[in-house]
Amino acid sequence: AIDMGQAEALQRRLREAQEHISINDLVVKAAAIALQQEPMVNATLAENGYSLRPDADIAIAVALDDGLLMPVIRGCQTLSLRQIAQQGRRLIEQAQAGSLNEEQLSGASFPISNLGKAGIDQFAALIPPGQAAILAVATISDQAVVRNGELTAARMMQVTLSSDHRLVDGLCAAKFLTAFKTALEDPTSL
């Protein structure tokens, strides 16, 4: 579980400054940071083993009436939040208009499926063929937590990393999730 209080506060400040940054944009940037720290999660299966991918080419799930598309935001590790937001919005609009091309839908190194807007509390996503892992992101909700021995409410989000153990073992997955959580709980790094 990730405490999203600081991330939501950052998003509110950015929105007040007329920056159109979504929680999903913060998730994509945090994933890019974590992928740089744990490069095996960013690997893809190849005929003779695997291929380490230097760039965080992150696919975002876009639900349509007749299915799901996974357009790719390329080089997320070098993009600012604003650039990730702009590219993500453009890809979502193109997906909804049916105007994505093959290049925009291929070559991902890491996919993210976010069902937070649907109010889903937790889920596991299926790893696309050839990928090392996929991140399932659930809704942010008020949950009871204990801080300094006191019961309090916090804005928490569940995530699940499904991984292909031929590439990403449990320790590697845990290190990725720790880096991801750290980035979102202290979003100044984003």
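**Pockets, core and sheet of the predicted model**

The second largest pocket has a volume of about 190 Å³. The structure is a predicted model. The lining of this second pocket consists of Ala59, Met70, Val72, Leu105, Ser106, Gly107, Ala108, Pro111, Pro128, Pro129 and Gln131. By type, eight of these lining residues are nonpolar and three are polar, with no charged residue.

The largest pocket holds about 780 Å³ of space. Its lining comprises 30 residues, of which Ser22, Asn24, Ile92, Asn114 and Lys117 are the closest to the pocket centre. Two or more lining residues come from each of helix H2 (23-37), strand E5 (62-64), helix H3 (81-97), strand E8 (110-114) and strand E9 (133-147). H3 makes the largest contribution, with five residues. The lining of the largest pocket contains 17 nonpolar, nine polar and four charged residues.

Attention turns to the sheet. Six strands make up an open sheet with mixed pairing. Their order is E1-E10-E9-E8-E4-E7. In general, the strands of a sheet pair through backbone hydrogen bonds, in either a parallel or an antiparallel sense.

Strand E1 (residues 2-3) is antiparallel to E10, and two bridges link them. Asp3 has Met156 of E10 as its bridge partner. E9 and E10 are also antiparallel, with 13 bridges between them. Along this pairing, Asp142 is bridged to Arg155 in E10. Val146 is bridged to Leu151, also in E10. The two strands form a hairpin with two residues between them. In the turn, Asn148 has a positive phi of about 50 degrees. E8 and E9, by contrast, run parallel and are joined by three bridges. Ser113 has Ala136 of E9 as its bridge partner, and Asn114 stands opposite Val137 in E9. Asn114 is also among the residues closest to the centre of the largest pocket.

The largest nonpolar core has 48 residues. Within it, Phe110, Phe176, Phe180 and Leu184 have the most contacts. At least two core residues are supplied by each of helix H1 (5-16), H2, strand E4 (58-60), H3, E8, E9, strand E10 (150-163) and helix H5 (170-185). H2 gives the most, with nine residues. Beyond residues up to four places away in sequence, Phe180 touches Ile2, Val27, Ala30, Ala31, Ala34, Leu135 and Val159.

Two individual positions were examined further. Met157 is found in strand E10. Its relative accessible area is 1%, and because buried means under 20%, Met157 counts as buried. Ala138 is 19 residues from Met157 in sequence. In space, the two are 6.2 Å apart, C-alpha to C-alpha.

Asp164 lies in the loop between E10 and H5. Its relative accessibility is 15%. The cut-off for burial is under 20%, so Asp164 counts as buried. With its neighbours within four places in sequence left aside, Asp164 is in contact with Leu45, Ile127, Gln131 and Ala132. One of these, Gln131, also lines the second largest pocket.

Definitions and conventions: Residues numbered from 1 in each chain as written. Predicted model: local features only at pLDDT ≥ 70, side-chain atom pairs only at ≥ 80, totals over all residues. Heavy atoms only, no water. 1 Å grid on protein atoms, 1.4 Å probe; cavity = no way out; pocket = protein on both sides within 12 Å on 5 of 7 lines; lining within 4 Å. Points joined across faces, edges and corners; volume = space filled by probe spheres on them. Helix = DSSP H or I, 4+ residues; strand = E, 2+ residues; numbered from the N terminus. Nonpolar A, V, L, I, M, F, W, Y, C, P; charged D, E, K, R; others polar. Core = buried A, V, L, I, M, F, W, Y, C linked by side-chain atoms within 4.5 Å. Buried < 20%, exposed > 50% of the residue type's maximum accessible area, 1.4 Å probe, protein only. Contact = heavy atoms within 4.5 Å. Pairing = 2+ DSSP bridges.
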